[in-house]
Amino acid sequence: MGIATEWFRRTFHRMGSPRWFFAGSRGWMLGLYLVGGALIAIGSAWGLGFAPTDRLQGNSYRILYVHVPAAHLAEAVYVAIAIAGAVHLVWRMKMADLAIAAGAPVGMTLTAAALATGYIWGIPTWGTGWVWDARTTSMLVLLFLYFGLIALRQAVPRAERAALAVSVLAIVGVVNIPIIKYSVDWFTTLHQPASIRIGERPSIDPSMLWPLAVNALGYYLFLVGVVIAALRAKIIEREAKADWVRTWVQGR
Amino acid sequence: MNAFATQFRRDFAISMRHGAEAMNPIAFFALAAFLLGLGLGRSTSRLDEAAGGALWVLALFANVLAVEGLFGRDREDGSLEQLLLHAKPLFAALLGKVTAHWMVSGLPIAVLSPLVALLVDVPPSGMFVLALTLLLGTPTLALVGAIGAALVAGTGRGGLLVALLVMPLYVPTLLFGSGAAMTALGGGDPSAELLWLAALMALSITLAPFGIGAALRVGQEY
């Protein structure tokens, strides 16, 4: 117990230091790229090539192997950003702020990807790309919340202040997300014909679900790798004046 | 309670002394509704159904534009810093500040909205409900908007950024507000939406001042 706690505290504190994180994270990044990439390759080949065709939707359903992981991750990244924001506000960890800065563009891209793939899938299936469905609407709101995070950081002149302001905004946003989702859900149940409620479609067959699970896991791992890479770039940018960065740059 | 009353009296008196400035939100709201009616070709039939939603969106814009400068003057003359140092509790003082702001932005819009509604041909039956939704919804808009204004205070960037930050957070209020107005215009019973608006207002009164306080403290730190 004592040893485990000690190990955890040391690791946690080290990861809180940009220098330690930079030194130790290269291996993780490459490992996550490799494993995540392999899982995505397997899941995509399986899902696109070998999973059975849907009786009603034909082959167009296969876009879900991109759409579902992207949509899940887009929301998970926002929650992770809000947690990092709370950590930053309480303990003033520089790494938490850098994680927000690294994660926001990734989350925004995923949200855009989820919306775009949903639109493409909607054209043959629903007959229209955009509907005011509860999920599509709250996904679009999420995209605007990401815009806000990125715009606020650029608008506030000093990096330390921008970091705190963005942390506050991320927490405010995450408190609002359930309220927004609930209100949109309530609104659309009144105004939406039942035929295109995504939530109520029959559950998915295991032969289609397995490749999705593999793909989703691959997406998660790969995206953590991408965030670590972005984090490393932010560290070099923010710590540009530190001696260890100079030594590292000269050593290359 | 004392902190609330003190701050409220101070801010309300300042707004009253800048009389014309206090008229801006309602003037903007009326002007925008006028342009909307004009832009849609003065044909009454096209506006009937959408009028409730359209007026709500305009009220939302008026609110964003008004709330943006909420902390600017206080920050410049240093009284914002004094407020953050001395107000006990800060929660009550900030609530007083936002209430005073609402008295000159949200309240006039709600009270005068039936007159503006004439411009876009809202039938008399819908006017009362529209005013009621705005009365219940604009406090939420002011409180949530104040968080955005507090985050941006002192950066020298204003309007557009505040709008970008807070408008996504206005979605629930807009949905219930315009939903109630449109239900009433369609002849239905809007009480469910009105209750939801009241619930959102209660929630934002209890939570938003913490967000405003945190955002203002950030602005003082560096």
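**Exercise 1. Find out how enclosed α4(B) is, and how far it reaches.**

Step 1: 14 of the 17 residues of α4(B) are buried, so this helix is largely enclosed by the rest of the structure. A residue is buried if 20 or more other C-beta atoms lie within 10 Å of its own, exposed if 12 or fewer, and partly exposed in between, with C-beta atoms placed from the backbone.

Step 2: α4 covers residues 51-67 of chain B and reaches 24 Å from its first C-alpha to its last, close to the 24 Å expected at 1.5 Å a residue. The expected span is 1.5 Å times one less than the number of residues. Helices (H or I, at least four residues) and strands (E, at least two) are DSSP runs, numbered from the N terminus.

Before going on, a word on the source: this is a predicted model, where local features need pLDDT of at least 70, side-chain atom pairs count only at pLDDT 80 or more, and totals for chains, interfaces and linings use all residues. Residues are numbered from 1 along each chain as its sequence is written, while chains are lettered from A and ligands numbered from 1 in the order in which they are written.

**Exercise 2. Describe chain B as a whole.**

Step 1: Chain B has 12 helices and zero strands.

Step 2: Its radius of gyration, taken over C-alpha atoms, is 18 Å, close to the 17 Å that the globule rule gives for 222 residues, so chain B is as compact as a globular protein of that length. The rule is 2.2 Å times the number of residues to the power 0.38.

Step 3: The C-alpha trace of chain B spans about 55 × 30 × 30 Å along its principal axes, and 50% of its 222 residues count as buried.

**Exercise 3. Which helix gives the largest share of the side of chain B that touches chain A?**

Step 1: In total, 22 residues of chain B are in contact with 25 residues of chain A. Contact is counted when C-beta atoms, placed from the backbone, lie within 7 Å.

Step 2: On this side of chain B, α9, α10, α11 and α12 each supply at least two residues.

Step 3: The largest share, six residues, comes from α12(B).

**Exercise 4. Trace the contacts of A:L169.**

Step 1: Leaving out residues up to four places away in sequence, A:L169 touches A:G148, A:L149, A:L152, B:L151 and B:L165.

Definitions and conventions:
Two residues are in contact if their C-beta atoms, placed from the backbone, lie within 7 Å.
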